[in-house]
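The tour goes from one chain to its parts, then to the places where chains meet.

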Amino acid sequence: MSSYEARFKVWRGDAQGGALEDFKVEVNDGEVVLDIIHRLQATQAPDLAVRWNCKAGKCGSCSAEINGRPRLMCMTRMSVFGRDETVTVTPLRAFPVVRDLVTDVGFNYRKAREIPSFVPPPGLGPGEYRMMQEDVDRPQEFRKCIECFLCQDTCHVVRDHEENKQVFAGPRFLMRVAELDMHPLDAAAESGLDRKRTAQDEHGLGYCNITKCCTEVCPEGIRITDNALIPLKERAVDRKYDPLVWLGSRIRRRPTAG
Amino acid sequence: MATGTEPPDTEPRAPGGGAGAGTRAAIAVPHLRTDRWWLAPAATAAGLLAFIVYSTWRAFADADYYAAPYVSPFYSPCLAERCRTMHAGPNADLFGSWWAISPAIIILIFPLGFRLTCYYYRKAYYRGFWLSPPACAVAEPHRKYTGETRFPLILQNLHRYFFYAALLVAGVLTYDTVLAFRDPHYHWGHMGLGTLVFLVNIVLIWAYTLSCHSCRHIVGGRLKHFSRHPVRYRMWGFISRLNARHMLLAWTSLFSVALADFYVYLVASGAFDDPRFF
Amino acid sequence: MSVVDRQEWDVVVVGAGGAGLRAAVEARERGARTAVICKSLFGKAHTVMAEGGIAAAMGNANPHDNWQVHFRDTLRGGKFLNQWRMAELHAREAPDRVWELETWGALFDRTKDGRISQRNFGGHEYPRLAHVGDRTGLELIRTLQQKVVALQQEDAKETGDYESRLKVFQECTVTRVLKQGNRVSGVFAYERESGRFFVLEAPAVVIATGGIGKSFKVTSNSWEYTGDGHALALLAGAPLLNMEFVQFHPTGMVWPPSVKGILVTESVRGDGGVLRNSDGKRFMFDYIPDVFKEKYAQSEDEADRWYDDPDNNRRPPELLPRDEVARAINAEVKAGRGSPHGGVFLDVSTRMPAEVIRRRLPSMYHQFKELADVDITAEAMEVGPTCHYVMGGIAVDSDTAAARGVEGLYAAGEVAGGMHGSNRLGGNSLSDLLVFGRRAGLHAARYATETAERPTVDEAEVDSAAAEALRPFSAEGPAPGEEDGRPPENPYALHQELQQTMNDLVGIIRREPEMRQALQKLAELRVRARRAGVEGHRQFNPGWHLALDLRNMLLVSECVARAALERTESRGGHTREDFPAMDRAWRRINLLCRLTDPTGGLAATDPVRGQITLSRETTEPIRPDLLALFEKEELVKYLAEEELYE
């Protein structure tokens, strides 16, 4: 087993201000960035604030920006860096900082509440649900989401424009709308809720310019843009920009697709 | 709680404050990326720019676009009186003599519109030209951003209509490719190097057109229950596999269409003699 | 003493994992104003790590399955030490709890006819685990999280406030359950981010904090698993049950060192993975214990046929209960037939096509690829036992989940004891969370809303809880009765020593002298932990948080060590080298841990004698109709003579 001393720059501070602090720290074979942050905590900076939980890429707690890229610290192996490379770790830059590497991700929890929940189909009791695998495949991909909020952090719509946080749900929660709209038994339409329309009217789908950074940073490899956002945009077009559909809806009330 | 669910009590910052100001971590630089993040947008911009320059020249040239049996894809179908006569070719005098500039302009609107509103090209030029954003986690230089919520970008929602038009154009180009199985004297059953170029081009054009996100939606994506539409589900599966390569197909078909045109130009201008296979 | 913010709620749930959220949903639906407190962000609880599935006898994959079979499997797995009534309720109610999740939006993998697909797992006679690939826990937590949000949306519509009836306090830690007399009056907690103290007053508190794995060095558990709920209950005066039973999951990653212990799901074996030693031998055939001889295949051929034809063949021994497999791996490694990094080989690459592996075990594929640079579709994994689960826990009433001895205190999930006996079957924990989470929420809400006079929170109790929590900041000063000038202890170093102690001395194989040594060491650590000091201030200070958690880990570790020393037999998750056999006489014996100082204080206790007092209790006989589910020949192996003829 070989170990070496790596140079780290870690952002330390809080809402009042802060700066990148230099560290030299031991790195062993097979370690990930989170291991190094823990070593700093245990040996050099016991009050270094960091969020983490499972350390296996399953809970999505240890999101940070490593060399400027939004990543999970537990899934970033030290072996991807050169030994003479300085590794820079900062908190997520789209959210208010609390302390050191910990940010206030409350934005995401507020947005989660704005998405109307699953509407159970009337007349079907527990145990009576029948769904085909090919129908649940699509929403299941989105349910792989571990809510690390890296997509929310990297999306320039809110990262570069704080004011858009009011009107834009972000990729994670637009994907949630897509998930529910593709759920084979979601009865929102029957209850008078048109998820296709509200995606654009209430959750800011139009702000997305499909530049795919959400997909690039997703640690679960969910194809957010191709499989959730663009299909959702197309569904919104069905509702709002399709003259045939528009004409049809004038003449008679069309049943929902499928 | 800091990560509470109450609305933030801090004042929203001035628009365009970027990722460094307000209550966020005080980091002055627009990004901390150490990799060559600028390479992809720069290459994209260079590639698109090169095509724009080339295609502008060729579209307005109004010359060297027909060398029997080949017609440049930029000029097909050719719909003005001023078009060169193409024996059994894709020309019809719909616009008459008042159309005084290159007839390519009439038809190029459609493939141009298709590609301009294409979900891949949108990403490419938003990143490459508009720098919105230049790369992930690299700050964009604009103070305000409204995305595709307002005119003119709200028109991107018309992509599917350009897709329908692109289907027709691809049909015509298929016809052109069939015609390319003739010799310069319009006898059937022959092939030259140009036929091969056309063949490759039309395959890529079709693959690109069918791999379109709108196509994927129309074919099956809009369904809630795949299980009730097994045929459309299979078609959707096929389109989805193509769609995964949409970017690759966008570039290769862009290149091949330019190549096909350039080949016709070379032959028509006499700079190159089309080698005949049989 | 600073004024501490107070809020009034009906039910406070400590922990937002599967059990906590299920309890909160139930309590809120029963009309109780409910607060949930969790150490992490909402939706990050350790439940997300559960991979395999939720065991419920729905009979979708095999129509022969029913609750009786599930009950039987659970008791066999727990070596008949289970609280039989809990096991019965669990087996009966699990299917309803799973189906209910679907009505809240969960999307399980499907069978061909559109029902919930069920997979095989160790110790389960039929395919029984409802699953979503290998991320079932994530689906469970997300579904419950979204159900909470759905209820909050309803409340917002009615009252204009999302949090009027159900609120989640994220990143907060409870350090004390407060009491008035023998009744719960609320909890004392601090916000991790600001360090601010607050009190939630409530007549009913549900503890759902999960396990204790962070007291061990090699563990699949996250930092949250510091035994908080166990300690809170002890300190409040409730006893813990059978704490000696700690499950070591047979397959954790062994390399690289930084991920040692991270779980490799049992589904790998359920779906066809096999264990081999360095000689390439499928060694599990040599480790089938007598009690399971008739149930498991004796040859590789038969074992391989079972995957396709389970009705006419017996299952492969890789699917024995976890304790058996863990011991077998341990024995192989000790015998020098281990893999290069001290584990054994778990191989799916030669058993299934790469495409199938990637589809059925996507997160395992991902985990090994990313963390260990191993492609599981092409090479074998290296695995070894890892501390995974504690079967012991707060002693509760089987039907109501009420903790014994303290009025208004409830417990559900891993923190509650009894349900799993001496060893838990895979898949039974997620169903346990749902079944008893719901019951705890139900009865807590009932108790809270029916209680006429709300207990009040005593100011003095709040002050002493605050003083206790602030102690690490003043640790530099000389503590009473100790010499001056000794430097404060580093909480990280103390934690590491504790983990090493528990791992080495009270680990998977236990011996009396080692456990005595462990108790000595724990006493020493306890003294030093009182001097654990931290730098900085109260705002998101992980050193401080760890210093506070140390109290809990030390308490719980002592329970484990004392109970393990007392039980002179080997059973399930408790293996004594000096008493290697299961002893039928011990089947009826439960060991209860109580705090020696009944006032809940910790300072006054003699460091050597320890803080825990152990007592024995004889269990209630198993109900005859449940006993009748077993063959007489099988019962003879487990039950004492006098039980058989009662």
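Helices (H or I, at least four residues) and strands (E, at least two) are DSSP runs, numbered from the N terminus. This is a predicted model, in which local features need pLDDT of at least 70, side-chain atom pairs count only at pLDDT 80 or more, and totals for chains, interfaces and linings use all residues. Residues are numbered from 1 along each chain as its sequence is written, and chains are lettered from A and ligands numbered from 1 in the order in which they are written.

Select chain C. It has 18 helices and 20 strands. Its radius of gyration (over C-alpha atoms) is 24 Å, close to the 26 Å given for 646 residues by the globule rule (2.2 Å times the number of residues to the power 0.38), so chain C is as compact as a globular protein of that length. Along the principal axes, the C-alpha atoms of chain C fill a box of roughly 70 × 60 × 55 Å. Of the 646 residues, 61% count as buried (20 or more other C-beta atoms, placed from the backbone, within 10 Å of the residue's own).

Next, select S17, S12, S19 and S20 of chain C. In that order they form an open sheet of 4 strands with antiparallel pairing; two strands pair if DSSP finds at least two bridges between them. The edge strands are S17 (393–394) and S20 (612–618) of chain C, each pairing on one side only. Zoom in on S12 (240–241) and S19 (589–595) of chain C, which are joined by 2 antiparallel bridges. Leu240(C) has Cys593(C) as its bridge partner in S19(C).

Now show chains A and C together. Here 48 residues of chain A are in contact with 50 residues of chain C, contact being C-beta atoms, placed from the backbone, within 7 Å. H3(A) provides the largest share of chain A's side, 5 residues.

Technical notes. Contact = placed C-beta atoms within 7 Å. Buried ≥ 20, exposed ≤ 12 C-beta atoms within 10 Å, placed from the backbone.
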